[in-house]
Amino acid sequence: MAAQLSIIIPAYNAVKTIERTLRSVAASTIPLEVFVVDDGSTDGTGELLDSFAEEFRPENGTRLSVLHQPNCGAYQARLNALKQIKTPYFGFVDADDTVDPAMFEKMVSAMESANLDAVQCRISGERFRGGLSILYGAELTRYKFSYLVAPKVSCYIWDKIYRNQYDFSKFETTDNVTNFDDMIFNLQFFKKIDRFGLLDEGLYNYSQTEGSVVHSFGPQQKHDFNWMVDNHYRLTRGLFANGEYGAVRLWLGHVHWYAINLRSSIISRFRSRIRR
């Protein structure tokens, strides 16, 4: 059975967690094309990936490719891998997380049975009732606004499977942005989403590694926050270019988004000072 799904894993200084992540992905109940991008690691991650690739012999037909690049951030690492995929669907996994073995099979099945452009699952440990909800038309437009313009929930990419329907060489370029990279990607991809599925099952195991970018507010986080402040409104206007939302409402949504993330950055900065 040929793989229908590519999984991309950006890895920067992930030597302590990446093997666990890869073994989790390799245990998938369907074959996968896995691309791991060593984003200029300095802790031996690249060497570990090369050695792991040599012994990578999963029984389900999954194949692993290791890509090496100078450090330029997780967002660009994902785009570089996307330019190489050939499968009809793709998804992302972070280098310190794990997945349920049946996650990808269930999500691909949902994509095909409901003819979806993307599908999202839940994080393991959350309460859920099961089932698949399909959003389209005005309901999907409202969801896009609440998810990307004036977000009421976190905007992730690792809880989704996407249809391979873009020329990713034309996606937005950034100046080494690592934070907000989920939102940057989704703001562009959601332009072509007409049917979106919400799979109410906890299939993704999310973890926060101590010392990761979400635990502190330093120069990188400040740089990334400023990039999104400068570009979020422009990107949201591109998302709603056909006029579902007027410029004023998009601007108010941008202000709402800015306030939420400004508050989060202040809290992160305060926590960083406490730890010192």
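In which loop does asparagine 115 lie, and between which two elements is that loop found?

Author: Asparagine 115 lies in the loop between α4 (103-113) and β6 (118-123), where helices (H or I, at least four residues) and strands (E, at least two) are DSSP runs, numbered from the N terminus. Before going further, please keep in mind that this is a predicted model, in which local features need pLDDT of at least 70 and side-chain atom pairs count only at pLDDT 80 or more, while totals for chains, interfaces and linings use all residues. Residues are numbered from 1 along each chain as its sequence is written, and side-chain values use heavy atoms, with hydrogens and water left out.

Asparagine 115 has a positive phi of about 50°, although it is not a glycine. Most residues other than glycine have a negative phi. With a relative accessibility of 51%, asparagine 115 counts as exposed, given that exposed means over 50% relative accessible area, buried under 20%, and partly exposed in between (1.4 Å probe, protein chains only). Phenylalanine 180 is another residue that is not a glycine but has a positive phi, here of about 65°, and its loop runs between β8 (160-163) and α6 (181-189).

Apart from its neighbours within four places in sequence, leucine 135 is in contact (heavy atoms within 4.5 Å) with Leu140, Tyr143, Asp194, Arg195, Phe196 and Leu198.

In α2 (residues 45-55), Thr45, Gly46, Leu49 and Phe52 are buried. These four cover an arc of only 125° around the axis, which puts them on the same side of α2; the arc is that of the directions from the helix axis to the C-beta atoms. An α-helix has 3.6 residues a turn, so residues three or four places apart point the same way. Glu47 and Glu54 are exposed on the other side of α2, whereas its buried residues pack against β1 (5-11), α1 (18-26), β2 (33-39) and β3 (63-69).

Stepping back to the whole, the secondary structure of the protein chain comes to eight helices and nine strands, and 52% of its 276 residues count as buried.
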